[in-house]
Amino acid sequence: MRGNMTGVKEKSLKKTLVKDFKMNKWKYLMILPVIIYIAIFAYKPMYGILIAFQNFRPAVGMAGSKWVGFEHFTRFFSDFNFFRILRNTFSISICSIIFGFPAPIILALLINEIKNTKFKRTVQTVSYMPYFVSMVVICGLVKTFCQSDGMITDIVVALGGERKNLLADKSWFYPIYIVSNIWQYIGWDSIIYLAALAGIDQEQYEAARVDGAGRLRQMWNITLPGLMPTIIILFILKMGGILNVGFEKILLLYSPTTYEVADVISTYVYRIGILEANFSYSTAIGLFNSIVNIIFLCATNLISKKLNETSLF
Amino acid sequence: MKKKLLAMLLAAATTMTVLAGCGNQAADGKPADEGAATSDEATASDKAGNNTEEDGSADEAEAVEAAEFAGYPIDTDEVLTLWTNQIMPSSTVASWEESPFHVTLAEMTGIDIDYTFPASGTDQKQAFNLMISDSNLPDMIWYSFMGDAESYIEDGIIRDLTDLLPKYAPNYWKFLQENPYYDKSLKTDSGKYYGFGFFRESRWQSAYHGPMVRQDWLDECGLPMPETIEDWETTIRAFNDKYGAKFAFTPTWRVSPGMAGAFGAYGTVELALYIDDDSKLQIAQMQDEWKEYITWLNKLNNEGLLDPDIVTLDDTGLRTKVANGQVGLTNANLTGLNSFILDAQSSGNGANWVGCPYPVMNKGDKTCAIFCEDPVVPIVAGITTSCPEEKVELALRWLDYPFSEEGFLYWNFGTEGVSYEMVEGEPHFTDLILKSELGAAEAAGLYTGEGGWGCGIQALGMVQQKLDPAVVEAGDAWYYGNEDAGNWTYPSAVTMTPEESTESSTIYNAINTYVKEMALKFITGEESLDNYDAFIQTLNDMGAERMLEIRQAAYDRFLQR
């Protein structure tokens, strides 16, 4: 694509476009539905963001609602719990990335080393099964297992811990949240890495074996570099969602005694914006979320571009 | 394929019957209840006639208008549209066209209603807001307008009915005049009437949450029914020694005061606002009495008598614990008690759950707070601005129907001779409801308008007849003798202006989060009660005063209505 563009640099832009359009008209036709889709469902609703600066009342619509400027933003920033929920959101998100992000990569690498196809397939299927279980069910299980007489509590007690309701203890909240998240998503998330692994040239492995490289060496010098572009792209995307934590899960697992560590922006929005049908306020917080997310996305993208020339855009 | 065709034919047949029924002629294909309905209609018009006459004599001008009303059923071809999340057809029928209640209602009133029910499982507020963003509204909307009615009138969603109610809704008007508290609740601060409410006949129906105990364990331990806080401790300890059971309850259950009343307090874990004897609004958690109550719970916890899971316990969790015999004394709602009894029956573990009176400090004392919701429910049926002028009267008549004597019986008990019989002047459900395979509640949903919050006046007898006798007794034990202890709640009809509401709810939410967090920490001992003063200080820093001030002003306006 880029080579094409430089090749026809001398011609005027208009001519280039016309020629390009003629040459690729069927491709353009194919992409048309996607463009229409994005325009209608992604760009058109964006004007709705404006209600963040209004006191929106559905009955009178956007035209009739009063403009209030940054009032909702000030209200959010001056909320008594603002710093707490911001801190919790970042903590949960960063912990999830640190522990949750490498997990599917490791699983994919391990699965890749399995030589028996039948066994490999079984492991894969079993590991992505939990992904299909409803969040409500998962949280119900977690809640029961972590009760004072639950299975996980029994294990903790057997290992020398104290018998108590684990979910009521704030120091247990992150481990429970992150470990159950890894358990649920590890298999599903590893699929994309396995696909990337299949694309690595097998001859490289043979050459390495001839040179006397062991399995670990092969993994380190061939598999991982082969996976790197995928890993980086997924990491950048993950950073772009840094403020989006698993809201339903937190809502289902937290309790007043763990609010201190578990109350995040989205649960706050749920309590105040949605339950009270406060659309403007929730939109304002949503907008704040998106801006922070975009900043993180761009920053990660920029750093990655500088360091190893892989980037989203 | 054949089955589908048959179903379609059946559906078509039903629709035809409905249409025929609405034409107000005796339809040939109608089941046996047709006869009963017609005889009922005759008495109905009598009663309605009586009512209008009474009202008419009160006011000359009204008499002219009202005299023209010939009673139900009304002879009309007009169809009214209604959006409602109330009077939903029973889940055992496919649609309202198959629901005996809705079909017969059209016959009784003579008015056809085109119902729109929001799909089950959708968020009601969202469904409502989506609907009203469209300019073409249904004629009537049933929604929680209370609390923001003035704005909905201003925005041109619902009509101001102040001048129309006395003329076209005589039964409802009479009911409001006879019940000043209800009257206050159903108008705005500026005195505008905006719709038809739903009322509980007695506050008994609002006091549906309270303490309960296992009578079989009490008997085995040789203990009397616990009355004082000391008795409670003895009972909890005995149950713990003998059965390993602990004291458990759902502390975040709405605004349940739990056992607080014995200490002179009004709330447990959830932020509770109460009205003191001088009509001043207070925060329950800022009282010294509350500290004593929490100290007691903390003591139980330290002695290992309080279930460590109460922090995360919900109704289902409690039910499981109860079924496993891990709890012998608890605090739950009537539905909970009903399910405890059912679970005991099906498992055969011999558990005999009965209601237990609210505990007091010394024998002979009275508790100061019982769980008792406002008997007024915020859901109100309004007539929209989209309803054409000539149909407004018809809509008012239809909404007035449940408040007429006949409508009251129909709404609560269904059709005489079918779902209820008059025994000694009192309506009683027949076996069609009480012995139904579907269960009394589900069956009543088919024949009466009382599935959920319904409309009109909810009869006490209707509620009690559907419950297990032991459950009714529990309700009696909680309510009778404690009638005044139910008056502490902040009325649901108090209205704040949108600006007041935003400011107060921001503070309220922050405080509520903090209170819940700290209350549970005080109970479990994670936070020492020595820090109670610091807790009060933080509440003040968060703007507790300001929130009370806003809400107090709104409450004063309510009192002056």
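Chain A has 17 helices and two strands, where helices (H or I, at least four residues) and strands (E, at least two) are DSSP runs, numbered from the N terminus. The model is a predicted one, in which local features need pLDDT of at least 70 and side-chain atom pairs count only at pLDDT 80 or more, while totals for chains, interfaces and linings use all residues. Residues are numbered from 1 along each chain as its sequence is written, and chains are lettered from A and ligands numbered from 1 in the order in which they are written.

The overall form of chain A can be described first. Its radius of gyration is 25 Å, well over the 20 Å that the globule rule gives for 313 residues, so chain A is more spread out than a compact globule. The radius is taken over C-alpha atoms, and the globule rule is 2.2 Å times the number of residues to the power 0.38. Along the principal axes, the C-alpha trace of chain A spans about 65 × 65 × 35 Å.

Two helix pairs in chain A share helix α11. Two packed helices are described by the angle between their axes and the distance between the axes. Helix α6 (residues 82–100) of chain A packs against helix α11 (residues 170–198) of chain A at an angle of about 45 degrees, and their axes are 10 Å apart. That angle makes α6(A) oblique to α11(A). Here, axes are lines fitted to C-alpha atoms, for helices over the stretch in contact, and angles run from 0 to 180 degrees between N-to-C directions. Angles under 35 degrees count as roughly parallel, over 145 as roughly antiparallel, 65 to 115 as roughly perpendicular and the rest as oblique. The crossing of α6(A) and α11(A) is right-handed; a crossing is left-handed if the near helix is turned anticlockwise from the far one by less than a right angle, and right-handed if clockwise. On the α6(A) side the contact is made by A:I92, A:C95, A:S96, A:F99 and A:G100, and on the α11(A) side by A:Y174, A:Y177, A:I178, A:N181 and A:I182. Two residues are in contact if their C-beta atoms, placed from the backbone, lie within 7 Å. By class, this contact of α6(A) with α11(A) has seven nonpolar, three polar and no charged residues. Ala, Val, Leu, Ile, Met, Phe, Trp, Tyr, Cys and Pro count as nonpolar, Asp, Glu, Lys and Arg as charged, and the others, Gly among them, as polar.

Residues A:A103, A:P104, A:I105, A:L107, A:A108, A:I111 and A:N112 of α7(A) meet A:I182, A:I186, A:D189, A:S190, A:Y193, A:L194 and A:L197 of α11(A). This contact has 11 nonpolar, two polar and one charged residues.

Chain B contains an open sheet of six strands, with mixed pairing and the order β2-β1-β3-β10-β4-β13. Two strands pair if DSSP finds at least two bridges between them. At the edges stand β2 (112–116) and β13 (456–458) of chain B, each with a single partner strand, so one side of each is left without a neighbour in the sheet. Neighbouring strands are turned by 20 degrees against each other on average, direction ignored. Strand β4 (residues 196–200) of chain B runs parallel to β13(B) and is joined to it by three bridges; B:R200 has B:Q458 as its bridge partner in β13(B). Helix α15 (residues 389–400) of chain B lies across β1 (79–84), β3 (140–143), β4 and β10 (376–383) of chain B, and runs at about 55 degrees to β1(B).

A further open sheet in chain B has three strands in the order β8-β5-β9, with antiparallel pairing. Its edge strands, β8 (329–333) and β9 (353–355) of chain B, each pair on one side only. The twist averages 40 degrees from one strand to the next. Five bridges join strand β5 (residues 209–214) of chain B to β8(B) in an antiparallel arrangement, and B:V213 has B:L329 as its bridge partner there.

Two loops of chain B deserve mention for their backbone. Most residues other than glycine have a negative phi, and most peptide bonds are trans. B:Y72 and B:P73 are joined by a cis peptide bond, with omega about -5 degrees, and B:P73 lies in the loop between α3 (60–67) and β1 of chain B. B:I87 is not a glycine, yet has a positive phi of about 30 degrees; B:I87 lies in the loop between β1 and α4 (100–109) of chain B.
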